[in-house]
Amino acid sequence: MTSGRDRTRRPLRAWAAAPAVLAVLTLAGCGTAGYGAPVAPSPMSVSSEAFISGTLAQRYTCHGHGAKMNPPLNWSGAPPGTKSLALIVDDSSAPITPTIYWLVFDINPGATDIQEGSVPTGARQALNSAGTAAYDPPCPQGRPHSYRFTVYALNTTLKLPNGAPLQSAWTAIAAATIGRGRIVVTGNP
């Protein structure tokens, strides 16, 4: 498996087309400010008191004893014009196809955090790589993996349903990104 996970994953048909993956990955970091050529997103700050010395605590992984509990996150610096926020948690150690553990969108633009084990009121979740609309705790095996927690400021609300297909949500986020902040942590086997 490319993600180092010990659980068998269903293949995600949306990722089967390499050109579509490259387009999504290209746009995910840049945004288009709604029209025209891609522009660099405004920088945002992301932090969490749960990440000690840059490490993802086992309680937020499949190795933890808790139920699929997401870590708390805080952010600041959403640029003017932010209409909603989104969060994507992925495995930056995956060599080819990214593994998405959590995708939350249409977070209130005034929000500055996500509490442990919860989704902000009114926000929705897209399907992750496991095919569920929930936090899928990372499961590092064999060697440490790096996990990215990226918050996006968007110039619109996505208006996608809860459980929206992963690629649809990710593409919509990429097209509407005007700000971005990220924290990268290490998960150990």
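Predicted model: local features only at pLDDT ≥ 70, side-chain atom pairs only at ≥ 80, totals over all residues.
View 1. Residues are numbered from 1 along each chain as its sequence is written, and side-chain values use heavy atoms, with hydrogens and water left out. The rings of Phe51 and Phe149 form a tilted aromatic pair, 5.1 Å centre to centre with 50 degrees between the planes. Rings of Phe, Tyr and Trp (its six-membered ring) pair if their centres lie within 6.5 Å; planes under 30 degrees apart count as stacked, over 60 as edge-to-face and the rest as tilted. Because Phe51 lies in the loop between E2 and E3 and Phe149 in strand E8, the pair ties together parts that are 98 residues apart in sequence. Strands (E, at least two residues) and helices (H or I, at least four) are DSSP runs numbered from the N terminus.

**View 2. Trp102 and Tyr135, an edge-to-face pair.** These two rings are 5.4 Å apart centre to centre, with 80 degrees between the planes. Trp102 belongs to strand E5 and Tyr135 to the loop between strand E7 (124-125) and E8, so parts 33 residues apart in sequence are tied together. Trp102 counts as buried at 1% relative accessibility, and Tyr135 does so at 4%.

**View 3. The largest nonpolar core.** A nonpolar core is a set of buried Ala, Val, Leu, Ile, Met, Phe, Trp, Tyr and Cys residues joined through side-chain atoms within 4.5 Å. A second, separate core of 15 residues includes Ala86, Ala126, Trp170 and Ala176.

**View 4. The open sheet E2-E3-E6.** Three strands form this sheet with antiparallel pairing; two strands pair if DSSP finds at least two bridges between them. Strand E2 (45-47) and strand E6 (113-114) are the edge strands, each pairing on one side only. Two bridges join E3 to E6, and Leu73 stands opposite Ile114 in E6.

**View 5. Ser168 in helix H2 (residues 166-176).** Ser168 is partly exposed, with a relative accessible area of 38%. Its C-alpha atom is separated by 8.7 Å from that of Ala126, 42 residues apart along the chain.

Technical notes: Buried < 20%, exposed > 50% of the residue type's maximum accessible area, 1.4 Å probe, protein only.
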